[in-house]
Amino acid sequence: MTIPEQQINSSSLSAPLVLAGAGHAHLVAIRVWAEAGLRVPEGSVLVSPTSKAWYSGMMPGMIAGRFTPEACAIDLQPLCKKVGLRLISVGIASCHASEKRLELTDGASLSYKVLSINTGSQPPTLTSDGSIQQVPAKPFPAFKEQWQYWMHEAPSRLTVVGGGAAAFELTLALQKSLPHTKTSLVFNGRLLDGHSRHLQALAGRLLRNRGVSVYEQTRVTRIEQGRLWAEGQALPDTGALVLATGARALPWYADSGLQQDDDGFLAVGNTLQSKNHPDVFVSGDAATLMSTAKPHPRSGVYAVRHGPVIAHNVLASFSADSLQTFQPQRQALALLATADGGALMSYGRFSAGTAWLRPLLGRWKDYLDLEFMRRHRL
Ligand SMILES: Cc1cc2nc3c(=O)[nH]c(=O)nc-3n(C[C@H](O)[C@H](O)[C@H](O)COP(=O)(O)OP(=O)(O)OC[C@H]3O[C@@H](n4cnc5c(N)ncnc54)[C@H](O)[C@@H]3O)c2cc1C
């Protein structure tokens, strides 16, 4: 059940368990509870700005015209109903961990006994005089709306900033969906840094073959007078700018009272509990696991892996059960969509993606993505 906004506005709510955000980890946790026939303590809530959870892994495929928007979204109502959660369709404005309280974006206050945060991250924006609109790749619904606008009113030139997997996939997808737009990709350092040289070469070739202008080793420092500037040098004009520049902590984490890492992400131990507030769990991009020498990357794969541990530990904190620990896998499989139904594959130092293999890898990626969606549509 969605609580009507008027009701939320006029009251201070209190819940034994608050799930903040419908990210990958919470979707998995709710599905695990549902499959086990478990219910959350009565009065528990899920706080999410939208009544759907959007799956970013399929967003490039949607832009490339391979999936409808509906295919990329999971309706939260049936999931919540199954485990006894109430869905509150509003955002979180701030967290006051020492008072065990959240402020919501409609001005209401929400107290909790146990809080689980899975609100993700957002790409960092560029220093700008406002002369070019910056369009972050996340959140998904806002990006989708901008892309739908471009489908009617395409810019003559479009630049994607970022050199990671999301930037690569989005560039190919936008190039396909806006064929009359001149598309560029600009990034500092190497394309797909951290992946094998073989994969980097395959990806670079693919971009150039599709007519994308690639600017490597180009650190964009600012936007001024309608141009992108990279260390004193102006880049070619652009009418639109997409930011796929990695993950930055959401601003409200800073004043939450929850311990953070050097970049403002929320610090957790191997039980995914906040380092200084054990009544708060954090998962997905929002969390930095401090118990390993090198924290694992922020990606959907790791967020999904957090899910079963969150499912167990959150309910265990209402009983005498002991908590589970999260052991990150050393490497994660990455399948990078190439906007034509194909994909490149990367696993540690191993990579693949020659022309004859790409369609098969693409079918594998589709299978994994569609299976994830199917399992979470109860
Ligand atoms: C285009 C693109 C493609 C990607 N493809 C892949 C891929 O193929 N594989 C992969 O592993 N990773 C991929 N990623 C990275 C992946 O999207 C993230 O790492 C992953 O989404 C993180 O999951 P999460 O559970 O932390 O949160 P998310 O899935 O980002 O969800 C966060 C949730 O929190 C909600 N939220 C945000 N702010 C608030 C607030 N203030 N109050 C309440 N709720 C809030 C949002 O509405 C959202 O529901 C991709 C990223 C992009 C941009």
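Tutor: The lining of the largest cavity is made up of four nonpolar, five polar and five charged residues. The model is a predicted one, and the cavity in question has a volume of about 100 Å³. Of its 14 lining residues, Arg66, Phe67, Ala337, Lys365 and Asp366 are the closest to the centre. Helix α9, residues 358–375, supplies the largest share of this lining, with four residues. Over the whole structure, a search finds three cavities of 30 Å³ or more.

As to confidence, the average pLDDT of the chain is 94, and 97% of the residues score at least 70. Residues 1–10, however, have a pLDDT below 50, although this stretch has 18 contacts in the model beyond near neighbours in sequence. Where pLDDT is low, predicted coordinates should not be read in detail.

The account now turns to strand β8. This strand spans residues 109–117 and is mostly covered, with seven of its nine residues buried. Strand β1 (residues 12–20) runs parallel to β8 and is joined to it by eight bridges; within this pairing, Ser14 has Ser111 as its bridge partner. Strand β7 (residues 101–104) is antiparallel to β8, with three bridges between them, and here Glu103 is partnered by Ser109. The hairpin of β7 and β8 has four residues between the strands, and Gly107 in this hairpin takes a positive phi near 95°. A further pairing, parallel and over three bridges, links β8 with β19; Leu115 stands opposite Val280 of β19.

Is Ser283 buried or exposed? Ser283 is buried, because its relative accessible area is 0%, and the cut-off for that term is under 20%. Apart from neighbours within four places in sequence, Ser283 contacts Ala25, Ile117, Asn118, His306 and Ile310. One of these contacts, Ile117, belongs to strand β8, residues 109–117.

A separate point concerns an open sheet of four strands, ordered β9-β14-β15-β16 with mixed pairing. Its edge strands, β9 (127–128) and β16 (233–234), each pair on one side only. Strand β15, residues 227–230, is antiparallel to β16 and joined to it by two bridges, and Ala230 stands opposite Gln233 in β16.

Note on methods
Residues numbered from 1 in each chain as written. Predicted model: local features only at pLDDT ≥ 70, side-chain atom pairs only at ≥ 80, totals over all residues. Heavy atoms only, no water. Buried < 20%, exposed > 50% of the residue type's maximum accessible area, 1.4 Å probe, protein only. Contact = heavy atoms within 4.5 Å. pLDDT = per-residue confidence, 0-100. Pairing = 2+ DSSP bridges. 1 Å grid on protein atoms, 1.4 Å probe; cavity = no way out; pocket = protein on both sides within 12 Å on 5 of 7 lines; lining within 4 Å. Points joined across faces, edges and corners; volume = space filled by probe spheres on them. Nonpolar A, V, L, I, M, F, W, Y, C, P; charged D, E, K, R; others polar.
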